[in-house]
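Hello,

Here is the structure I promised to pass on to you. Have a look at it first, and then read on for what turned up in it.

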Amino acid sequence: AAAAAATTLPGLRRLWRGGGSGAAACFPLGRALVDVRGAEAAPFLQGLLTNDVTRLVAGDGPPAAALPRALYAHALNVQGRCLYDVILYRLHESPEEEPHILLECDSGVLDAIQKHLKLYKIRRKVNIAPCLDLSLWAVVPGERAGDIARSLTKCADQALILTPDPRTEVMGWRLITKKGANLSEIIPGSRIGNIQDYHRHRYKQGVPEGVKDLPPGVALPLESNLAYMNGISFTKGCYIGQELTARTHHMGVIRKRLLPVHFSAPLPKDSIPEGAEISTESGKSAGKFRAGGGELGIALLRLANVNEPLCLNLAGDKVKLTASIPEWWPKPASK
């Protein structure tokens with residue numbers, strides 16, 4: 001585990017000096033972890049997920065130190081729509097070790113994702129089990145720099161994983177600890193943040209996470225910015241839902257995307273129907289609201305309408321909103 005932390009240090013040091021104010025904020029995430037281990041763990045997940053899972057297993061490739069510690073991906077249905085958004089974490093250290101992967105998912109779909117995995121397991125040498133003895137944290141860095149290398153080595157038994165979020169640098173890091181671990185020992189000077197602030201940060205950056213932002217069987221991966229968030233390989237072999245996704249990518253036309261939105265007034269709590277219509281001033285449909293809190297949210301919008309004044313239709317009322325293109329998106333925007 002000390003090596004697990006050490007391999008990610010250059011990225012962590014860079015982020016440690018980056019944006020935000022004060023110390024790093026550690027947010028306790030209500031997401032679940034599933035343990036997937038066994039000789040065939042990587043080829044098994046490879047056929048179910050959008051990203052190239054073989055990158056997590058050394059084999060004949062680079063030494064373990066050069067392998068990614070985390071990968072983002074979606075599991076799709078046969079129609080190519082999102083079922084689950086996941087982050088995979090590599091726990092094994094060397095090619096000689098049995099592959100051992102942790103899969104992070106929305107806690108509301110923990111049972112469903114285990115059934116999904118077991119349905120396709122067939123006779124593969126893979127063990128699948130929920131991880132109830134671990135805690136998952138998002139760490140969003142502040143401005144104060146600190147030498148965390150020594151601390152990480154000292155507390156390696158408490159921090160199983162501490163790695164940059166694989167989706168985008170603006171999301172900071174992901175930390176997995178044993179339950180009850182002392183965070184101030186793992187990341188000196190850190191503070192425990194309010195989870196609502198974490199969601200506000202996500203919405204501001206336009207980063208979807210979980211079933212509200214990515215409704216299962218409804219959301220499309222490329223409209224959900226999966227390629228921008230390093231969550232898909234267009235060169236790997238077959239996986240469930242690949243055909244439609246590859247066709248959309250190679251046609252090169254994505255007219256709608258998930259975008260951060262800012263409302264003129266705070267939204268009423270829990271009274272916004274899923275998929276509430278967003279329209280232009282002239283009443284033309286511009287997209288659908290997905291989720292939000294306060295004056296921030298995330299919505300699936302037509303890119304052609306991004307720079308127009310928009311409004312959310314709520315039971316006859318109209319709430320004005322503006323959409324924006326996130327700074328972290330590739331420039332110029334690729335497919």
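Arg174 counts as buried, at 0% relative accessibility; here buried means under 20% relative accessible area, exposed over 50%, and partly exposed in between (1.4 Å probe, protein chains only). Before going further, please note that this is a predicted model, in which local features need pLDDT of at least 70 and side-chain atom pairs count only at pLDDT 80 or more, while totals for chains, interfaces and linings use all residues. Residues are numbered from 1 along each chain as its sequence is written, and side-chain values use heavy atoms, with hydrogens and water left out.

Back to Arg174, then. Which residue does Arg174 form a salt bridge with, at 2.9 Å between the closest N and O atoms? The partner is Glu104, where a salt bridge is a side-chain nitrogen of Lys or Arg within 4 Å of a carboxyl oxygen of Asp or Glu. Because Arg174 lies in strand β9 (residues 173-178) and Glu104 in strand β5 (residues 100-105), the pair ties together parts that are 70 residues apart in sequence. Strands (E, at least two residues) and helices (H or I, at least four) are DSSP runs, numbered from the N terminus. Glu104 is buried as well, with a relative accessible area of 0%.

Arg174 also meets the side chain of Asp165 in a salt bridge (3.5 Å, N to O), and Asp165 is buried at 5% relative accessibility. These residues belong to a network of salt bridges that links Arg31, Asp85, Glu104, Asp165, Arg167, Arg174 and Glu209. In general, side chains of opposite charge can pair when their charged atoms come close.

The structure holds 14 salt bridges. One of them joins the side chains of Arg37 and Asp35, at 3.3 Å from N to O. Arg37 is partly exposed, with a relative accessible area of 33%, whereas Asp35 is buried at 11%.

Two other residues may interest you. Val53 sits in the loop between α3 (41-46) and β3 (70-76), and its relative accessible area of 0% makes it buried. Leaving out residues up to four places away in sequence, Val53 touches Ala42, Leu45, Gln46, Leu71, Leu88 and Ile101; contact means heavy atoms within 4.5 Å. Val53 and Leu88 are 35 residues apart along the chain, and their C-alpha atoms are separated by 8.5 Å.

Finally, His201 is found in helix α7 (residues 195-205) and counts as buried, at 18% relative accessibility. Apart from its neighbours within four places in sequence, His201 is in contact with Val140, Val170 and Met171.

Best wishes
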